[in-house]
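The sequence and structure come first.

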Amino acid sequence: MHPFTNYLRLGYEHIISLAALDHILFLIALMAVYQTKNWLKVVIAVSFFTLGHSVTLSLGALDVVNIDQGLIEFLIPLTIVFTALLNLTKFGQNQKSNFKYWIALSFGLIHGLGFSNYYDMLVMGESNYWQALLPFNLGIELAQLLVVFVMLIIMGIYGFMLNKKIRDWNLFISGSAFGLALIMCIENWPF
Amino acid sequence: MGIFWIILVSLFKPAHDFHVSISQAEWENGLLKCTIRVFSEDLEMSLQKDFGADYRLETALKDERLAKYVLKHYGFRQDGQMLKGEFVGMEIENDLSFLYLQFPLENAPASLDVYNLLFFDSFEDQSNIVNVQCGAVLRSAFLSPQKNTQILEFK
């Protein structure tokens with residue numbers, strides 16, 4: 001194997017393993033309002049999310065991202081709470097709007113801060129800055145797209161075969177995500 | 001019901017543990033030189049498991065048990081033969097520690113059996129990546145507790 005493949009696998013397995021359930025919860029909440037036919041919008045939104053946390057991970061060398069880890073652990077579930085609440089508004093349910101992309105991008109920046117201890121390991125000692133960082137981020141994106149793919153199938157089955165409304169799905173998912181993330185916020189209360 | 005929620009919530013952690021080590025080895029002029037980067041915290045914790053809870057990484061360099069520990073967990077086999085390694089030193093840079101090893105190996109190898117068992121007994125999700133450069137050929141092994149050795153071909 002070439003190192004590229006192994007760094008890609010490292011990023012992929014990091015999301016797929018149970019280590020990153022908060023990531024997956026965010027993705028599921030983010031895509032809860034979309035109908036399966038709007039899958040491309042979901043893929044774009046998720047890619048904006050990856051872009052966001054790739055940026056903060058890649059900026060790990062700068063002190064700008066040296067924010068208190070306790071605060072980050074509070075902010076990450078807060079992004080999920082906010083996304084779930086937004087899903088309940090008419091504005092958040094508008095599938096045509098591009099606003100979700102910007103939400104995904106900016107919340108991605110926050111999620112990336114939770115990766116701060118990865119930066120040194122992936123960059124220091126590599127002959128090239130991107131050698132490990134690029135495939136690692138690509139691996140994360142691949143894993144997230146897989147999660148999206150599986151969720152789209154489940155949502156498709158829910159919508160077409162069971163003939164249920166995506167609105168009910170959204171209420172169920174957003175409610176669950178809200179509850180879980182709210183408890184995480186309280187557990188990680190930094191003040 | 002309460003327990004169900006506690007288990008569910010405890011699965012969602014905002015700060016992910018990243019159990020990884022990455023090492024680079026390069027064969028040149030009869031010597032295979034290796035640098036292993038590990039998280040200082042992981043290394044200290046593993047050493048404490050073997051040598052007692054008050055073991056400190058800062059003093060490990062003066063302790064010959066460190067060299068033995070590293071060489072026991074990391075190395076290469078060629079044609080079924082273990083390569084005899086030598087621990088050269090360690091540098092601690094905040095979160096990361098760099099372990100330096102070398103293995104005398106007269107000719108460029110056609111293939112090497114790589115192993116790196118570091119921290120496998122501490123973390124089920126530990127991944128150890130070992131990159132080996134031999135002339136123009138770069139190969140990489142991905143090791144885990146489920147698969148702790150891998151053969152790399154340099155032909």
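**Strand pairing in chain B**

Ser21(B) stands opposite Asn128(B), a residue of β8(B). The model is predicted.

- β1(B) and β8(B) run parallel and are joined by eight bridges.
- On β9(B), β8(B) has an antiparallel partner, with seven bridges between the two strands.
- One residue pair in this arrangement is Asn131(B) with Ser140(B), the latter in β9(B).
- The hairpin of β8(B) and β9(B) has two residues between its strands, and Gly135(B) there takes a positive phi near 65 degrees.
- Of the eight residues of β8(B), seven are buried, so the strand is mostly covered.

**Contact between the chains**

- Chain B places 27 residues in contact with 30 residues of chain A.
- On the chain B side, two or more residues each come from α1 (2–11), β1 (20–28), β2 (31–39), β6 (96–104), β8 (127–134) and β9 (137–143).
- β9(B) gives the largest share of that side, four residues.
- By type, the chain B residues touching chain A are 15 nonpolar, six polar and six charged.

**Nonpolar cores**

- The largest nonpolar core has 49 residues, and those touching the most other members are Met121(A), Leu122(A), Phe136(A), Val114(B), Val130(B) and Val132(B).
- Another core, of 26 residues, lies apart from the largest one and includes Val33(A), Phe49(A), Ala104(A) and Ala181(A).
- Leaving aside residues up to four places away in sequence, Leu122(A) touches Ala132(A), Leu133(A) and Phe136(A).
- In soluble globular proteins, nonpolar side chains tend to be buried together.

Note on methods. Residues numbered from 1 in each chain as written. Chains lettered and ligands numbered in written order. Predicted model: local features only at pLDDT ≥ 70, side-chain atom pairs only at ≥ 80, totals over all residues. Core = buried A, V, L, I, M, F, W, Y, C linked by C-beta atoms within 7 Å. Buried ≥ 20, exposed ≤ 12 C-beta atoms within 10 Å, placed from the backbone. Contact = placed C-beta atoms within 7 Å. Nonpolar A, V, L, I, M, F, W, Y, C, P; charged D, E, K, R; others polar. Pairing = 2+ DSSP bridges.
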